[in-house]
Amino acid sequence: MPKASSPYWESRKIMLDSKSKQKVIEKFKTHASDTGSAQVQIAILTEEIKQLTKHLQMHKKDYSSRRGLIRKVNERHRLVRYLSREDKKIADELKEKLNIK
């Protein structure tokens, strides 16, 4: 069985590992102990969407992962709409940083 760090397993990785998630949280947190604000959730979902998109480009017939991707995109859209209602300026800045519509 190949080791977890081999190229095969790197290409099979779909979810964010804890190190990547911590980096995203550090970058987008609003205060010292922030792990669940809308900004952080949107940023984490964006990273997961990027990884799933890369996975689906290699595995075109993986329909269950495609369904998961659609759920994540919809969840991010709902969070962005919520943030826009609460604070339009912060939402626009976050969209600019993450390069999303």
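The legends below describe close-up views of a predicted model.

Residues are numbered from 1 along each chain as its sequence is written. Because the model is predicted, local features need pLDDT of at least 70 and side-chain atom pairs count only at pLDDT 80 or more, while totals for chains, interfaces and linings use all residues; side-chain values use heavy atoms, with hydrogens and water left out.

**View 1**
The protein has five helices and zero strands, where helices (H or I, at least four residues) and strands (E, at least two) are DSSP runs numbered from the N terminus. The order of the elements from the N terminus is α-α-α-α-α. The protein has 101 residues, and 34% of them are buried. Here buried means under 20% relative accessible area, exposed means over 50%, and partly exposed lies in between (1.4 Å probe, protein chains only). The accessible surface comes to about 7,600 Å², and carbon and sulfur atoms hold 53% of this surface. Such areas come from the Shrake-Rupley method with a 1.4 Å probe, and for residues only the protein chains shown count as cover. Of the contacts with a separation of 6 or more, 49% are between residues 24 or more positions apart; a contact means heavy atoms within 4.5 Å.

Helix α2 covers residues 18-28, and its residues Val24, Ile25 and Phe28 are buried. They lie on the same side of α2, because they cover an arc of only 100 degrees around the axis. The arc is that of the directions from the helix axis to the C-beta atoms. The buried residues of α2 pack against α3 (38-58) and α5 (88-98). Lys19, Lys23 and Lys27 are exposed, on the face of α2 turned away from its buried side. An α-helix has 3.6 residues a turn, so residues three or four places apart point the same way.

**View 1. Ser20 of helix α2 and Glu47.**
Ser20 is a residue of helix α2. The relative accessibility of Ser20 is 23%, which counts as partly exposed. Along the chain, Ser20 and Glu47 are 27 residues apart, and their C-alpha atoms are separated by 8.8 Å.

A nonpolar core is a set of buried Ala, Val, Leu, Ile, Met, Phe, Trp, Tyr and Cys residues joined through side-chain atoms within 4.5 Å. The largest one has 17 residues, of which Phe28, Ile42, Ile44, Leu83, Leu94 and Leu98 touch the most other members. At least two residues of this core come from each of α2, α3, α4 and α5. The most come from α3, which gives six residues. In soluble globular proteins, nonpolar side chains tend to be buried together. Leaving out residues up to four places away in sequence, Ile42 touches Arg76, Leu79, Val80, Leu83, Leu94, Leu98 and Ile100.

**View 5**
The structure holds five salt bridges. In each, a side-chain nitrogen of Lys or Arg is within 4 Å of a carboxyl oxygen of Asp or Glu. One of them is between the side chains of Glu48 and Lys72, at 2.9 Å from N to O. Glu48 is buried, at 12% relative accessible area, whereas Lys72 is partly exposed at 25% relative accessibility.

Glu75 and Arg78 form a salt bridge whose closest N and O atoms are 2.6 Å apart.

**View 2. Asn99 has a positive phi****.**
Asn99 lies in the segment after α5. The phi of Asn99 is about 60 degrees, although Asn99 is not a glycine. Asn99 is exposed, at 70% relative accessible area.
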